[in-house]
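Subject: Structure for you to look at, with notes on its salt bridges

Dear colleague,

I am passing on the structure we spoke about, and would be glad if you read the notes below with it open beside you.

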Amino acid sequence: MNSDDRNPIASGEATEMGSHAVPKDAARFDHQSHYLYQRVVDLIRNQIIDDTLNTGDRLPSLRSMSVQMQVSIPTVRQAYLELERQGFIQAKAKSGYFVQMPARRQIVSKGRSQRRQPCKVRCRQLLDKVYDAVHQPGVVPLGIAIPCMAQPATKTLHRTMKRVMTRTQEQILSYAPTAGDASLRSQIAFRYQQQFEQVHGDQVIITNGAQEATAIALQCCAKPGDIIAVESPSYHGHMEIIESLGMLVLEIETDPVTGVSIQSLEQAFARHDIKACLFSSAMNNPLGSLTRDDDRAALVRLLETHQVPLIEDDVYGELIYNGRRPPLARRYAQSDLVMTCSSFAKTLAPGYRIGWLLAGRHHERACQIKRALSCSSGLLQQLTLSEFLASGEYDRHLKRLMPVLKNNAQRMRAAIEDHFPHSTRVSQPQGGSVLWLELERHFDSRRFFDDALEQGISLMPGAIFAAADRFNNYLRLSYGHPWSDAMEDAIQRLGQLAHLALEQHPK
Ligand SMILES: Cc1ncc(COP(=O)(O)O)c(C=O)c1O
């Protein structure tokens, strides 16, 4: 297709310039930090990423865009060619340019599911290294996922804590009740009720983060040697808990769009005696994908048919970009076989270590296990959170946080688009604070982790998101930080490293 065919409005200039000629003003550096054509690229690309422009929308003609952006027509043409190269738009003969999502760049399902066997977690050494890096001073922290740090609620939370300390005096130094402070339990239940969930305060057990909630839930329904099904990929903490309890992991194929494969799970039920499923069924970490309500309902129906309990990790439930909190999986259940684990670690303050468990029919047993494990959780943190929720500060904080996260996601995706090898696929997160990158099959994320750390950048190698050796050509990068030049620069350096890695260790 020649450039006249691409856009009839542009036909005159195309023949004069040639479609690849660099327009004079495009090479000019704009004081806002971009070449002019790049400004047009950024504007349109961001509108596509944040859904202002949708697949199939027609872009303005070269002429009208040049008037809107106050740049020359050749500059707009260069921008459109660049967007086409990146896969964001498509030229149609005699019609103009149209938006398309860059399918080439999306993480896609692997299609055929593979049979997996229950196994022990094999990446412990790598996990130790990764956790060491997280706490190394001075590194650019693209590893650990703490969405709330993109817009921390430091001042309001500190102020609330001071008020609580003044009010409670020495009483705050004591133990909290095992199941948690009654006011916090009620506040958590009240939030659920506002979302039409039937949760009462005395069904909530306060825990040390979602991690402890998950460990308790697992012990309620399984014992050492039992098989626990997890998503694939799956949050590495899940696999560590399963391993530390002497249980076995069975990975179930998980699609970036439709979630856990019902077919693979059915086949796994036929072959193995699965004692429980531990799924983040609404939003998967690291995929960042949001599973449709219908698919989650079908999943719960399948589990009920087999009478297998579902332990649902819902830590990302409040961090969905479209503003609609997904229903809890327990809403789809006819019986009482879903347990829910969540926490304030992703939304507000991971260091507080406050989470909770809705243990359903296992409530009494769960309280006993909680008492045996840690007696109770920190009272000061619980009362602070209770007041923070009751005052409306928590909602105000989430309102401020969400647009920052969404914007960070766009910026990081755009930076990856600019600097990583062209073959890299990137997830399109629907919430949370991580991107999941797929590189060419021979890419080694373990080696890449070491190289990046040498350059002062921490990240999560894909291999830790599976029990056995899978996802070694994947990376997880976190944008849960205020966006900065250091982040932009880190992505650029990682991109250069990735180019080098693929060149130095070819297929
Ligand atoms: C999916 C998921 N579940 C649980 C946790 C742990 O949460 P907490 O810090 O509340 O224990 C994390 C933290 O990264 C996570 O990503």
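What follows is a short account of the chain as a whole and then of its salt bridges.

Please bear in mind that this is a predicted model, in which local features need pLDDT of at least 70 and side-chain atom pairs count only at pLDDT 80 or more, while totals for chains, interfaces and linings use all residues. Residues are numbered from 1 along each chain as its sequence is written, and side-chain values use heavy atoms, with hydrogens and water left out.

The chain has 507 residues, of which 59% count as buried (under 20% relative accessible area, with exposed meaning over 50% and partly exposed in between, for a 1.4 Å probe and protein chains only). It contains 17 helices and 16 strands, taken as DSSP runs numbered from the N terminus (H or I of at least four residues for helices, E of at least two for strands). Among contacts (heavy atoms within 4.5 Å) with a separation of 6 or more, 75% come from residues 24 or more positions apart.

Searching the whole structure gave 18 salt bridges, each being a side-chain nitrogen of Lys or Arg within 4 Å of a carboxyl oxygen of Asp or Glu. One of them pairs arginine 470 with glutamate 253, with 3.4 Å between the closest N and O atoms. Because arginine 470 lies in the loop between strands E15 (460–461) and E16 (474–478), whereas glutamate 253 belongs to strand E6 (residues 248–255), this pair ties together parts that are 217 residues apart in sequence. Arginine 470 and glutamate 253 are both buried.

A second salt bridge joins aspartate 314 to arginine 325, at 2.5 Å from N to O. Both residues sit in the loop between strand E9 (310–313) and strand E10 (338–343), so the parts tied together here are eleven residues apart in sequence. Aspartate 314 and arginine 325 are likewise buried.

Within helix H15 (residues 393–419), arginine 396 and glutamate 393 are three residues apart, about one turn of the helix, and their side chains form a salt bridge with an N to O distance of 3.6 Å. Arginine 396 is partly exposed, its relative accessible area being 41%, whereas glutamate 393 is buried at 18%.
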